[in-house]
Amino acid sequence: MIPMVNLKAQYAEIKEEIEFGLAQTIDNCTFILGPNVQAFEQETAAYLGVKHAIGVASGTDALHLALLAEGIGEGDEVITTAFTFIATAEAIKYVGAVPVFVDIDPKTFNICPEAITKAITPKTKAIMPVHLFGQPADMGKISAICQQHQLKLIEDCCQSFGARINGKQTGAIGSSAGYSFFPSKNLGAFGDGGLVVTDCDETAAMLRQLRNHGSNVRYYHDVVGYNSRLDEMQAVILRAKLKRIDQYNQARRRVAHRYSALMADLPLTTPYEDGLGEHVYHQYTLLSEHREDVLQALQAAQIGCAVYYPVPLHQQNVFKQECAGVHLPVTEAVAATCFSLPICPFLADESIEKIVGVIRDRLQA
Ligand SMILES: *Cc1c(COP(=O)(O)O)cnc(C)c1O
């Protein structure tokens, strides 16, 4: 049995450090916004090269609160991709704004800058690119569009922790960015968690209020806020993993390149790196006309596999009605043929070879 993500192997390496930190938290009873959350915020801000990092309860909340803090609201249009996890668009809906879905690049699966330009209207207030599967979106072009049209740029970095573009982190380019620490993400907690980053002092102050019941001083409330704090115990776990994140991402890249080398002669489309940024391979995603056959063979061999994402957002029941008439040919074609293989820093060479062997046997049968 080969799982999509081997969290057990990762835990074995950091067990002692985490057990020590958790025991200390329990001894000290510092459960809410304690010293580990504070330290983690400082450490991530330094690592990501941003002025402020604010821990929140999930990646979904990170995007929601970022939109609120940036002043996006009722009737505003936010241009984004339909080839992403639902939370990207949910966050836009939570603030009363309208997600405007545009097509993706057929090679990187990231939002297409030319499609963004065509979708801008007087109501457009923000662009929310997703660095899908860990590959940075074309931030050079997207930043230029935002500058030209005076739009907010809010990055969905839920799959791209540690991915750099010319030495700069994804998340450090937009006006703000949201990260997820869902257990299977590149940087994963042992439960839910998230982070918002920004260089703007006012946005950061608003985010700190919003995540804690609209309050800066206990029992004094300035705005209607939320209960959305990063949990102290999760911060202990995240601090241990943050120290090793570059090493983990490097190992993911190694696994991905090994897969691609072994499958170079197969009738499949392996991931394309556009070289604009560093891919951290949150997922290793391929295209095949024979997807169902390949998935069946992998399942029969007890190898983890998944389809991210089978139904693009504009075709989901929740958005079908408001997106009637929206056609995204590239997104739809990719969703019909994509599938993802197990990837994590601890995937052994023999496992990679076994997985490729199963795919090869099926495609060459
Ligand atoms: C995981 C994910 C989210 C949501 O994060 P949660 O922590 O699960 O709320 C948002 N956007 C993308 C692209 C994601 O992959």
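Trainee: Which residues of helix α7 (residues 201–210) are buried?

Mentor: This is a predicted model, in which local features need pLDDT of at least 70 and side-chain atom pairs count only at pLDDT 80 or more, while totals for chains, interfaces and linings use all residues. Residues are numbered from 1 along each chain as its sequence is written, and side-chain values use heavy atoms, with hydrogens and water left out. Buried means under 20% relative accessible area, against over 50% for exposed and in between for partly exposed (1.4 Å probe, protein chains only), while helices (H or I, at least four residues) and strands (E, at least two) are DSSP runs numbered from the N terminus. On these terms the buried residues of α7 are Thr203, Ala204, Leu207, Gln209 and Leu210.

Trainee: Against which elements do the buried residues of α7 pack?

Mentor: Contact here means heavy atoms within 4.5 Å. The partners of the buried residues of α7 include both helix and strand, namely β1 (52–56), α3, β9 and β10.

Trainee: How many residues of strand β8 (residues 176–180) are buried?

Mentor: Ser176, Gly178 and Ser180 point one way from β8, whereas Ala177 and Tyr179 point the other way, and all are buried. Strand β8 is therefore largely enclosed by the rest of the structure, its buried residues numbering five of the five.

Trainee: To which strand is β8 joined in an antiparallel manner?

Mentor: Two strands pair if DSSP finds at least two bridges between them. Strand β5 (residues 152–156) runs parallel to β8, with three bridges, and Glu155 has Ala177 as its bridge partner in β8. Ser180, for its part, stands opposite Gly194, and five bridges join β8 in antiparallel fashion to strand β9 (residues 194–198).

Trainee: Is Gln234 buried or exposed?

Mentor: Gln234 belongs to helix α8 (residues 232–242), and, leaving aside residues up to four places away in sequence, it touches Ala189, Phe190, Gly191 and Asp192. Because its relative accessibility is 11%, Gln234 counts as buried.

Trainee: How far apart are the centres of domain 1 and domain 2?

Mentor: The protein chain is divided into domain 1 (7–103 + 110–242) and domain 2 (245–363), with bounds that come from an automatic or database domain assignment. Across the boundary, 38 residues of domain 1 are in contact with 36 residues of domain 2. Taken over C-alpha atoms, the separation of the two centres is 24 Å.

Trainee: Which helix gives the most to the lining of the largest pocket?

Mentor: A pocket is an open set of points on a 1 Å grid over the protein atoms alone, where a 1.4 Å probe fits and protein lies on both sides within 12 Å along at least five of seven lines; lining residues have an atom within 4 Å of a point. The largest pocket holds about 420 Å³ of space, and of its 25 lining residues the closest to the centre are Phe85, Gln159, Phe182, Lys185 and Tyr309. Domain 1 and domain 2 each provide at least three residues of this lining. Both α3 (59–69) and α4 (87–94) supply at least two, and the most, three residues, comes from α3.

Trainee: Which strand gives the most to the lining of the second largest pocket?

Mentor: The second largest pocket is lined by 13 residues, with Leu33, Asn212, Ser215, Arg218 and Arg229 nearest its centre. The largest contribution to this lining, three residues, comes from strand β10 (residues 215–217).

Notes
Grid points are joined across faces, edges and corners, and a volume is the space filled by probe spheres set on the points.
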